[in-house]
Amino acid sequence: ENFKYKDPTQRLNVRIKDLLGRMTLEEKIGQMVQIERVNASTEVMKKYFIGSVLSGGGSVPSKQASAQDWINMVNEIQKGALSTRLGIPMIYGIDAVHGHNNVYNATIFPHNIGLGATRDPQLLKRIGVASAREIRATGIPYAFAPCVAVCRDPRWGRCYESYGEDPKIVQEMTEIIPGLQGEIPPNSRKGVPYVAGKENVVACAKHYVGDGGTTKGIDENNTVIDRHGLLSIHMPGYYHSIIKGVATIMVSYSSWNGEKMHANKNLVTDFLKNTLHFQGFVISDWEAIDRITDPPHANYTYSILASITAGLDMIMIPYNYPEFIDGLTNLVKSNYIPISRIDDAVKRILRVKFVMGLFENPIADLSLVNELGKQEHRELAREAVRKSLVLLKNGKSADKPLLPLEKKTQKILVAGSHANNLGYQCGGWTIEWQGLSGNNLTSGTTVLDAIKDTVDPTTEVIFNENPDKKSLQSDTFSYAIVVVGEHPYAELNGDSLNLTIPDPGPNTITNVCGVIKCAVVIISGRPVVIQPYVDSIDALVAAWLPGTEGKGITDVLFGDYGFTGKLSQTWFKTVDQLPMNFGNPNYDPLFPFGHGLTTQPI
Ligand SMILES: OC[C@@H]1[C@@H](O)[C@H](O)[C@@H](O)c2nc(CNc3ccccc3)cn21
């Protein structure tokens with residue numbers, strides 16, 4: 001029998017219609033389910049016709065797993081899916097949000113807040129290309145990126161996942177999507193997903209919509225704003241992602257004016273699908289339908305009814321997928337949910353799977369394994385670090401700039417909790433969901449190592465993480481580099497109402513800068529409290545969360561390249577000013593949006 005859906009020469013809609021027409025309700029509902037890899041055994045894939053699997057943050061086949069180990073795991077799960085009656089391949093998704101950050105030895109790029117400071121969309125596209133290759137090196141065809149949140153309040157624990165407070169910058173940085181998915185051909189039909197081939201991945205614009213606008217930046221909370229404000233500030237990233245052919249969109253945990261996004265039919269169906277004509281699939285966040293109710297999971301039948309009716313197509317159900325499948329099956333059989341809604345969801349999922357060529361290439365091969373952590377990608381990440389750094393202050397008087405620093409001098413001091421800590425400089429979503437401390441998590445270059453590699457061999461480099469005043473007075477240093485900042489965090493663990501840098505950071509700054517000419521480098525996911533110390537500091541650099549390529553920092557500190565970065569997020573004076581964004585009345589920042597001093601390369 002000629003299975004048209006298996007024939008790649010058939011038109012897309014013919015394949016979708018043919019396959020949909022063969023599917024039972026069980027097989028349709030199975031396509032709408034994404035489970036966590038720990039549960040994705042062959043029997044589960046077969047019994048429930050599971051359409052998608054994910055790695056949650058830090059969920060890996062084994063510690064320090066190689067590309068080959070990843071490929072073997074993904075292919076094992078895929079074989080389970082392919083052994084079902086219709087052999088529909090599953091799609092495996094992962095949070096590759098600043099490089100392939102769950103994977104040992106992957107290149108870790110700066111987090112988005114730093115990339116926003118580069119003002120370089122073409123750089124973002126190149127990062128997308130490199131990231132897609134590292135993701136495919138491990139046999140994975142789907143990344144839950146980019147986050148197109150517009151961070152309106154730095155107290156939000158996910159501000160670093162945003163390209164900043166300006167919707168214009170966020171919409172420009174959607175250029176990473178043609179990098180990840182491939183360039184959409186000109187005059188493609190608007191809204192249709194596009195994925196070029198086996199070196200590309202399916203992308204995911206997230207989290208729809210207004211995730212960065214919640215009250216006091218409280219994660220998963222309520223965004224209070226009128227429709228014009230929502231559409232002009234938080235929507236442009238989605239509009240531009242759709243124009244560029246983004247294949248999937250993830251819905252936000254947050255609410256808009258008290259209504260949960262995961263239950264918002266007006267914005268998910270009427271606007272995103274029927275007005276913006278988005279034709280890829282809409283995916284939920286992790287256990288997000290449970291959180292439609294308070295307490296979560298209080299009425300799971302309602303959670304299923306509300307989210308599916310709202311227009312969600314694929315549900316991220318890491319663990320309790322049988323409960324979901326039973327619940328949705330019952331709601332369809334009792335006509336609470338029309339089969340037309342199920343068919344819409346399955347068509348969208350199949351459209352993405354056909355467009356990306358998953359039916360033709362469901363099993364990953366080893367052809368790209370050498371892309372993981374490739375030196376060329378690390379050079380690209382190093383360029384991104386250079387361009388992301390923002391020079392906030394350079395010298396106590398304009399005519400005596402401290403930067404660029406001299407490479408050849410007698411003796412220099414390197415101090416601070418973040419000078420020799422690769423985990424700190426990568427931040428959250430790195431190897432583990434919440435990130436790590438230390439230098440063994442993956443391969444990379446700390447700031448201290450970069451300094452030692454950059455200065456003249458005759459220059460003595462003294463490293464003292466937190467020197468006391470006495471030891472400083474008795475010594476003569478030409479200058480000091482002080483690297484301090486925030487510890488890694490992700491999501492709600494990053495919410496902060498005081499935005500102070502943890503001790504002994506402030507102490508290190510005042511001790512060192514009180515005695516020696518100092519360049520202070522702040523490693524943080526957002527603007528933090530620095531105003532009390534700024535007068536004692538000679539040069540001040542915002543380095544954000546630069547990732548593994550620490551030499552990008554010394555490239556500009558020592559003048560091999562000039563500083564060019566510009567703030568993509570207002571740097572407040574005190575937290576009681578927040579929320580405060582450029583364009584607001586009484587805009588009174590320490591360093592305004594767009595601020596960034598420059599230096600000339602030596
Ligand atoms: O890792 C999958 C998704 C990710 O793509 C989303 O951006 C992010 O919002 C996300 N969060 C979780 C887990 N969240 C969670 C929050 C509180 C308690 C337990 C888990 C999973 N995911």
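1. In this predicted model, Ile249 has Val282 of strand β10 as its bridge partner. Ile249 belongs to strand β7, which covers residues 248-251. Strand β10 spans residues 281-283 and runs parallel to β7, with three bridges joining the two.

2. Strand β7 also pairs with β5 (residues 204-208), again in parallel, through four bridges.

3. Which way do the residues of β7 point? Thr248 and Met250 point one way, and Ile249 and Val251 the other way. In a regular strand, side chains alternate between the two faces of the sheet. Thr248, Ile249, Met250 and Val251 are all buried.

4. The ligand is surrounded by 15 residues, and the closest are Asp95, Arg158, His207, Asp285 and Glu491.

5. Which side chains have an N or O atom at 2.7 Å from a ligand atom? For His207 the ligand atom is an oxygen; for Glu491 the ligand atom is a nitrogen. The side chain of Lys206 has an N or O atom 2.8 Å from a ligand oxygen.

6. Lys411 is found in strand β13, residues 411-415. Is Lys411 buried or exposed? Its relative accessible area is 13%, so Lys411 counts as buried, the cut-off being under 20%. The side chain of Lys411 makes a polar contact with the side chain of Asp475, at 2.5 Å.

7. How many cavities of 30 Å³ or more does the model contain? The count comes to four. The largest cavity holds about 130 Å³ of space. Of the 20 residues that line the largest cavity, Ala96, Val97, His98, Asn112 and Ala145 are the closest to its centre.

8. By class, the lining of the largest cavity is made up of 13 nonpolar, five polar and two charged residues. Helices α5 (112-118), α6 (121-137) and α8 (176-181) each supply at least two residues of that lining. Asn112, one of the residues closest to the cavity centre, lies within the range of α5.

Technical notes. Residues numbered from 1 in each chain as written. Predicted model: local features only at pLDDT ≥ 70, side-chain atom pairs only at ≥ 80, totals over all residues. Heavy atoms only, no water. 1 Å grid on protein atoms, 1.4 Å probe; cavity = no way out; pocket = protein on both sides within 12 Å on 5 of 7 lines; lining within 4 Å. Points joined across faces, edges and corners; volume = space filled by probe spheres on them. Nonpolar A, V, L, I, M, F, W, Y, C, P; charged D, E, K, R; others polar. Buried < 20%, exposed > 50% of the residue type's maximum accessible area, 1.4 Å probe, protein only. Pairing = 2+ DSSP bridges. Near = heavy atom within 4 Å. Polar contact = N/O pair within 3.5 Å; in protein donor to acceptor, adjacent residues only side chain to side chain.
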